[in-house]
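Subject: Structure for you to look over

Hi,

Here is the structure I promised, with the sequence alongside. Please open it first, then read my notes below.

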Amino acid sequence: MSRALNLRPFRSLLIANRGEIACRIATTARTMGKRVIAVYSSADANALHVQSANAAIEIGSALPAESYLNIDAILAAARDSGAEAIHPGYGFLAENDRFAQAVLEAGLVWVGPPPDAMRAMSSKAGGKRLARQLSVPVLAGYDGDDQADATLRHQAHAIGFPLLIKASAGVGG
């Protein structure tokens, strides 16, 4: 179970991402008076997000698995730079509950949803069931176990057209 979110004020923010999203977060953080720390792979040493930060730490090779997806390297960069908070950006580790938990356990502020919420929403179907349980309005749909053609055809007509078919597992938005 993750501990309560650490919402204490912070002065420095490490952005665990690159590119346009890191630049946007950095701009907002600077506007808020925060010191901005960028992380970068060896291939991104001259990238705009690195240039726009107050400090930058190299975290590994060009391979994302050895840099932007390397939780230990990012936490070490936070420790070495004196960062008090980590923002995951978008993609990479932004939806990784283990990363969020590790940030909190390191005593840092996690700028993102609580790890428990991330776990609860990691399944599209499970997230929709949870939303229903909490009386959150959701779109009409069918998420039953019976996936036979006849059942799906019946459900499609009951829901109405046009119809959006969305996979509940795998990758993608």
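Start at the beginning of helix α4. There, a side-chain oxygen of Asn96 comes to within 2.9 Å of the backbone nitrogen of Arg98. Keep in mind that this is a predicted model. The buried ones are Asp97, Phe99, Ala100, Gln101, Ala102, Val103 and Leu104. What covers them? The cover includes α3, β4, β5 and α5 (115-120). After α4 comes Gly107, with a positive phi near 85 degrees.

Next, the sheet. It is open and has 5 strands, in the order β3-β2-β1-β4-β5. The pairing is parallel. At the edges stand β3 (55-60) and β5 (109-110). Each has a single partner strand, so one side of each is left without a neighbour in the sheet. As background, strands of a sheet pair through backbone hydrogen bonds, either parallel or antiparallel.

Strand by strand:

- β1 and β2 run parallel and are joined by 4 bridges. Leu13 has Val36 in β2 as its bridge partner. From β1 the chain crosses through α1 to β2, and this β-α-β crossover is right-handed.
- β2 and β3 pair in the parallel sense over 5 bridges. Here Val39 has Ile57 in β3 as its bridge partner.
- β4 (residues 85-87) is joined to β5 by 2 bridges, and the two run parallel. Ile86 stands opposite Trp110 in β5.

Helix α1 (residues 19-31) lies across β1 (12-15), β2 (35-41) and β4. It runs at about 175 degrees to β1. Helix α3 (residues 71-81) lies across β1, β2, β3 and β4. The angle between α3 and β3 is about 150 degrees.

The largest nonpolar core has 25 residues. Within it, Leu14, Ile74, Ile86 and Phe99 have the most contacts. Which elements give two or more residues to this core? They are β2, α3 and α4. Helix α3 provides the largest share, 6 residues.

Leaving aside neighbours within four places in sequence, Ile86 is in contact with Leu13, Leu14, Ala16, Ile74, Leu75, Ala78, Phe99, Val103, Leu108, Val109, Trp110 and Val111.

Ser41 sits in strand β2. That strand is mostly covered, with 6 of its 7 residues buried. Is Ser41 buried or exposed? Its relative accessibility is 1%, so Ser41 counts as buried. Beyond neighbours within four places in sequence, Ser41 is in contact with Glu58, Gly60, Ser61, Ala62, Ser67 and Tyr68.

Cys23 belongs to helix α1. Cys23 has a relative accessible area of 12%; the cut-off for buried is under 20%. Cys23 is therefore buried. Setting aside neighbours within four places in sequence, Cys23 is in contact with Leu48, His49 and Ser52. Cys23 and Ala47 are 24 residues apart along the chain, and their C-alpha atoms are separated by 10.0 Å.

Lys128 is in helix α6 (residues 124-133). With a relative accessible area of 24%, Lys128 is partly exposed. Not counting residues up to four places away in sequence, Lys128 touches Val138, Leu139, Ala140 and Gly141. One of these, Leu139, has its backbone oxygen 3.0 Å from a polar atom of the Lys128 side chain. Arg79 is 49 residues from Lys128 in sequence and 37 Å away in space, C-alpha to C-alpha.

Best wishes

Methods
Residues are numbered from 1 along each chain as its sequence is written. This is a predicted model: local features need pLDDT of at least 70, side-chain atom pairs count only at pLDDT 80 or more; totals for chains, interfaces and linings use all residues. Side-chain values use heavy atoms; hydrogens and water are left out. Two strands pair if DSSP finds at least two bridges between them. Contact means heavy atoms within 4.5 Å. Axes are lines fitted to C-alpha atoms, for helices over the stretch in contact, and angles run from 0 to 180 degrees between N-to-C directions. Buried means under 20% relative accessible area, exposed over 50%, partly exposed in between (1.4 Å probe, protein chains only). A polar contact is a pair of N or O atoms within 3.5 Å; within protein, one must be able to donate a hydrogen and the other to accept it, and residues adjacent in sequence count only if both atoms are side-chain atoms. A nonpolar core is a set of buried Ala, Val, Leu, Ile, Met, Phe, Trp, Tyr and Cys residues joined through side-chain atoms within 4.5 Å. A crossover is right-handed if, with the strands pointing away from the viewer, the path from the first strand over the helix to the second runs clockwise.
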